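Visitor: I'd like to go through this one label by label. Could you show me the structure and then tell me what stands behind each term?

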Amino acid sequence: MAKKFRWGITGTGFIARSFASSLKLLPNAELYAVSSRNAETAKKFANEFGAKKHYNSRDKMLEDEALDIVYIATPNHCHAPDSIAALNAGKAVLCEKPFALSSAELESVIAVAKSKNLFLMEALWTAFLPSFKKFIELANNGSIGEPTLLNADFGFYSQFNPNSRLYDPKQGGGSIYDIGIYPLFAALSLFGEPEILQTIKIPSLTGTDVTALIQSQHKNGKVAMLASSFAVDLDTEAKLYGTKGKLTLHKSFHIPTKLTLQNEKGTFDFEFPEPGKGYQYEAAAAMAAMEEGLTECPEWNLEQSRALMRMIDSCLK
Ligand SMILES: NC(=O)c1ccc[n+]([C@@H]2O[C@H](COP(=O)([O-])OP(=O)(O)OC[C@H]3O[C@@H](n4cnc5c(N)ncnc54)[C@H](OP(=O)(O)O)[C@@H]3O)[C@@H](O)[C@H]2O)c1
């Protein structure tokens, strides 16, 4: 019988709530514990999602011997320190995106995981969605001829607020870290790491990028035009043009429920009604990898996370 993994979540915000409800869909997962900076918040979260334990500090939760894996759901600047603390306490880690604020920071996390021989994974959930997997399959099986140009963006208007995690540089704010990561991920998944990457960034009043326009050139003449923005609502679609057709991942392309294939045979829609919020796929993949005794997830491994981080570094430099 499959092992039941006991999960802990650090942070109790938007994504922690979405992930906690997704975990309920997995019979081999138990939401065991939650930590918050505030005891009352932790207790409320635990009651709402049925966690056995609640802690008013990350480190107290990490001392709990029954905990198997920690999902890091804190703001961007906490990801590396939280991951390192969890690994040092002997826990496996699934960490929200972006994995860290730089490649150097990411290497410090990976070094601890390697030294402890513990499972570590970036929660790049889109990689695990059936709709995104179908997109990659159709891109690679000749349905649109040779896939050549990707046009992908992610943008929504967010009122400027210097204290919000989206704008505060101390919290790792900026559209590239938060949402630009998805178009970059799509380009990486289709074409591999770019040979050339150029970025135009518009700074917000705090200096974080509010809008970014990115173009990348990859092996064999593949190219991508990407954008992210907190200044305007963008289509948030991914369009892949091939020599014999086009694939469209409709809004919101990082959690698509509809994919359209257009080629010489006609137009074909694929619908993906989503059970739950969609975070169960990454959690299931993490547990399957751990069940096999692996320390990385084969479907989204540390080398892929490193490549994505290098692309982010390059955009931000
Ligand atoms: N995969 C996705 O679809 C997706 C979607 C949205 C966000 N995210 C990622 O998830 C992370 C959290 O985003 P969110 O939208 O959930 O943010 P959020 O709603 O602000 O929640 C973050 C939580 O982290 C804790 N926290 C806040 N500031 C902290 C600090 N300085 N130190 C330690 N803990 C702190 C808070 O919980 P307590 O008050 O209980 O401590 C807070 O509720 C971000 O890295 C973001 O990129 C991913």
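This is a predicted model: local features need pLDDT of at least 70, side-chain atom pairs count only at pLDDT 80 or more; totals for chains, interfaces and linings use all residues.

Visitor: Then what makes threonine 236 count as buried or exposed?

Guide: Threonine 236 has 23 C-beta neighbours inside 10 Å. The cut-off for buried is 20 or more, so threonine 236 counts as buried. You'll find threonine 236 in the loop between β10 (223-229) and β11 (238-242). Its phi is near 55°, a positive value in a residue other than glycine.

Visitor: Why is asparagine 117 called exposed?

Guide: Asparagine 117 has 7 other C-beta atoms within 10 Å. Exposed takes 12 or fewer, so asparagine 117 is exposed. Asparagine 117 is in the loop between α5 and β6 (120-122), and here too phi is positive, near 55°, in a residue other than glycine.

Visitor: What makes the contact between them?

Guide: From α7 it's Ile176, Tyr177, Gly180, Ile181, Leu184, Phe185 and Leu188; from α9 it's Ala307, Leu308, Met311, Ile312, Cys315 and Leu316. By class, that contact of α7 with α9 has 12 nonpolar residues, one polar and no charged.

Visitor: How do you know where the cis peptide bonds are?

Guide: Check omega. Between lysine 97 and proline 98 omega is about -10°, and the bond is cis. Proline 98 sits in the loop between β5 (92-95) and α5 (103-116). The bond from lysine 251 to serine 252 is also cis, with omega near -10°, and serine 252 lies in the loop between β12 (245-249) and β13 (258-263).

Visitor: Which residues come nearest the ligand?

Guide: Of the 20 residues around the ligand, the nearest are Gly11, Thr12, Gly13, Ile15 and Ser36. Helix α1 (residues 14-23) gives the most to that shell, three residues. By class, the shell has seven nonpolar, eight polar and five charged residues.

Technical notes. Residues are numbered from 1 along each chain as its sequence is written. A residue is near a molecule or strand if its C-beta atom, placed from the backbone, lies within 6 Å of it. Helices (H or I, at least four residues) and strands (E, at least two) are DSSP runs, numbered from the N terminus. Ala, Val, Leu, Ile, Met, Phe, Trp, Tyr, Cys and Pro count as nonpolar, Asp, Glu, Lys and Arg as charged, and the others, Gly among them, as polar. Two residues are in contact if their C-beta atoms, placed from the backbone, lie within 7 Å.
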